[in-house]
Amino acid sequence: MTSTLENPATTAAGAVREVGVAVIGTGFAGLGMAITLKRRGDTDFVLLERAGDVGGTWRDNAYPGAACDVQSNLYSFSFAPNPDWPRTYSEQPEIQSYLRSVADRFGVREHCVFGAEVTAARWDDDARRWLVSTTAGDYRARVLVSAAGALADPRLPDIPGLDSFAGTVVHSARWDAGHDLTGEQVAVIGTGASAIQIVPAIQPQVAGVAVYQRTAPWIVPRTDAPVPAWRRRLYRRVPALQKAVRGALYGVRELLVVGMAKDRRFLRPAARLARAHLHCQVRDPRLRAALTPDYTIGCKRILISNDYYPAVSAPNAELVTAGIAEVRPHSIVTRDGVERPTDTIVLATGFHVTDLPIAERIAGRDGRTLAEVWADGMVSNRSTTVAGFPNLFLLVGPNVGVGHTSMVYMIESQLAYVDDALRTMAEEGLEVLETTAGAQRAYRDLIAARSRDTVWLSGGCSSWYLDARGHNTTLWPDFTFRFRRLTRRLDRENYVGTPAGRQAREEVAA
Ligand code: N01
């Protein structure tokens with residue numbers, strides 16, 4: 001594909017722009033896809049971004065205390081190491097600025113159309129193109145890549161009376177930086193990865209913070225530290241050293257898979273560490289009991305923090321475990337009848353993951369949306385393609401999530417797969433490439449078999465990793481290097497390809 005695209009500005013009203021590849025989103029996945037395309041010499045593509053800047057999840061999650069709980073040396077693109085990470089675990093502003101600098105360095109920004117929310121995408125079987133409608137105009141694309149992310153759309157809890165609340169309600173992923181919490185009575189609902197970062201960040205500032213906990217999380221110490229200037233210099237002079245550190249971090253984290261997916265006994269040291277951490281940081285036995293998890297470690301994401309337990313133990317903090325009965329205009333009432341005056345409610349209640357909103361907007365060959373096809377659970381071939389949805393690639397799709405290591409590693413594995421699919425299409429002169437239902441069934445069976453003995457299914461918790469039927473449709477249930485091996489090359493035998501000018505039906509029958 002060669003480019004005729006000089007300026008991917010908003011299309012004129014009514015005009016439909018022709019592009020080779022339309023990519024939805026500009027987070028790690030979208031940017032990575034753009035860079036992969038450029039490396040192929042392909043510049044005929046657009047990145048459709050609903051917001052006004054690149055960054056995706058890391059742009060949107062700008063709540064106080066937002067930081068990554070995977071070391072930055074690992075949580076970054078392998079092809080764009082950053083010797084200047086200021087800390088072992090970076091905070092949101094550094095990660096966002098890294099993504100912006102990657103976009104600039106690789107010339108991705110000129111392909112971005114900002115303010116372009118994809119409202120619908122439909123495969124036109126006659127034209128063999130994706131028709132993509134956005135709030136900034138319409139596109140016709142040969143290939144559609146959804147890099148919309150799994151942690152993109154906030155999940156709001158269904159709590160009686162929440163709509164009647166007269167104060168401020170804010171979700172962790174839609175933080176209002178202009179709202180000053182100083183001196184307020186704040187309610188934080190949820191105790192996941194986001195909440196345990198928000199609570200210590202706001203506790204010193206507010207008059208009072210009530211943390212509404214439904215399930216106590218497992219928390220281990222955060223071994224964070226500033227990266228000294230000499231080490232940054234060393235990384236700059238000897239990039240191989242930073243690469244080696246990255247490799248070591250990857251290897252150590254991968255050991256967790258043994259405990260989570262193979263043999264539960266290997267999780268015991270992590271559980272002991274978490275219990276000792278709680279014991280050291282919380283002296284009050286009643287509070288400690290309330291903070292003690294009642295399920296196997298690893299069933300939900302293992303959290304890392306040194307300041308969450310001290311924050312909930314502070315005199316102006318309260319851990320509320322009674323369960324929320326209702327929200328009133330100026331208070332929250334728990335099931336034990338206690339009413340707590342509240343000025344601001346922080347919803348740290350997670351995201352739509354097993355019911356991705358983007359899936360409701362992408363319709364395949366027979367007109368059904370991904371959401372409809374996935375009504376009984378998300379299925380795919382190699383987490384990336386779906387039967388009935390030709391020339392569509394999903395990044396951060398079903399069963400590609402990881403709780404123990406860097407998501408960027410998984411994204412790069414998928415990028416190699418998409419790259420090989422595009423190469424195959426070009427080499428074989430294929431206009432259409434579609435995976436088979438059989439390949440999808442085989443992949444679903446592989447996921448089910450490898451998930452069977454994992455802590456996510458039998459660890460005694462409910463988590464966003466599982467769908468409404470209790471199936472693992474989000475996590476990759478094995479070592480991540482096995483996913484990389486599986487996606488290194490396109491499994492050509494699992495695809496039907498249609499050359500330009502040939503009838504698709506003939507090909508499928510052949
Ligand atoms: O969301 P979550 P999150 N009433 O879904 C509770 C990534 N991340 O935004 O456990 C009361 O994990 C819910 O309770 P329960 C990371 O992958 C990464 O914190 O279901 N409570 C839970 O406590 C993470 O896994 C970083 O019983 C309600 C919380 O809300 C993912 O994002 C940082 C409720 C939701 O937890 C999501 O994390 C932050 C209700 N009606 C996030 N509904 C890094 O550092 C929900 N809850 C990389």
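## The largest cavity

The largest cavity in this predicted model has a volume of about 90 Å³, where a cavity is a set of points on a 1 Å grid over the protein atoms alone at which a 1.4 Å probe fits but cannot get out, and a volume is the space filled by probe spheres set on the points, joined across faces, edges and corners. Its lining residues, which have an atom within 4 Å of a point, include Ser146, Ala148, Leu356, Trp374 and Leu394. By class, this lining has nine nonpolar, three polar and no charged residues; Ala, Val, Leu, Ile, Met, Phe, Trp, Tyr, Cys and Pro count as nonpolar, Asp, Glu, Lys and Arg as charged, and the others, Gly among them, as polar.

## Other cavities

The structure holds five cavities of 30 Å³ or more. The second largest cavity has a volume of about 50 Å³, and among the residues that line it are Val257, Met260, His404, Trp456 and Asp478. This second lining divides into seven nonpolar, three polar and one charged residue.

## Two domains and their contact

By an automatic or database domain assignment, the chain is divided into domain 1 (16-153 + 352-509) and domain 2 (162-217 + 263-347). The contact between them, meaning heavy atoms within 4.5 Å, takes 26 residues from domain 1 and 20 residues from domain 2. The C-alpha centres of domain 1 and domain 2 lie 32 Å apart.

## The ligand site

Because domain 1 and domain 2 both give residues to the shell around the ligand, the ligand lies between them. Of the 22 residues around the ligand, Ala67, Thr191, Ser194, Thr215 and Lys300 come nearest, a residue being near if one of its heavy atoms lies within 4 Å of the molecule. By class, the shell has 10 nonpolar, eight polar and four charged residues.

Polar contacts are pairs of N or O atoms within 3.5 Å, and an oxygen atom of the ligand is 2.6 Å from an N or O atom in the side chain of Ser194. Polar backbone atoms also take part: an oxygen atom of the ligand is 3.5 Å from one of Gly192, and an oxygen atom of the ligand is 3.2 Å from one of Ala348. The protein covers 85% of the 900 Å² of accessible area that the ligand has on its own, with areas from the Shrake-Rupley method with a 1.4 Å probe.

## Basis of the values

Residues are numbered from 1 along each chain as its sequence is written, and side-chain values use heavy atoms, with hydrogens and water left out. In this predicted model, local features need pLDDT of at least 70 and side-chain atom pairs count only at pLDDT 80 or more, whereas totals for chains, interfaces and linings use all residues.

Definitions and conventions
On a 1 Å grid over the protein atoms alone, a cavity is a set of points where a 1.4 Å probe fits but cannot get out, and a pocket is an open set with protein on both sides within 12 Å along at least five of seven lines; lining residues have an atom within 4 Å of a point. A polar contact is a pair of N or O atoms within 3.5 Å; within protein, one must be able to donate a hydrogen and the other to accept it, and residues adjacent in sequence count only if both atoms are side-chain atoms.
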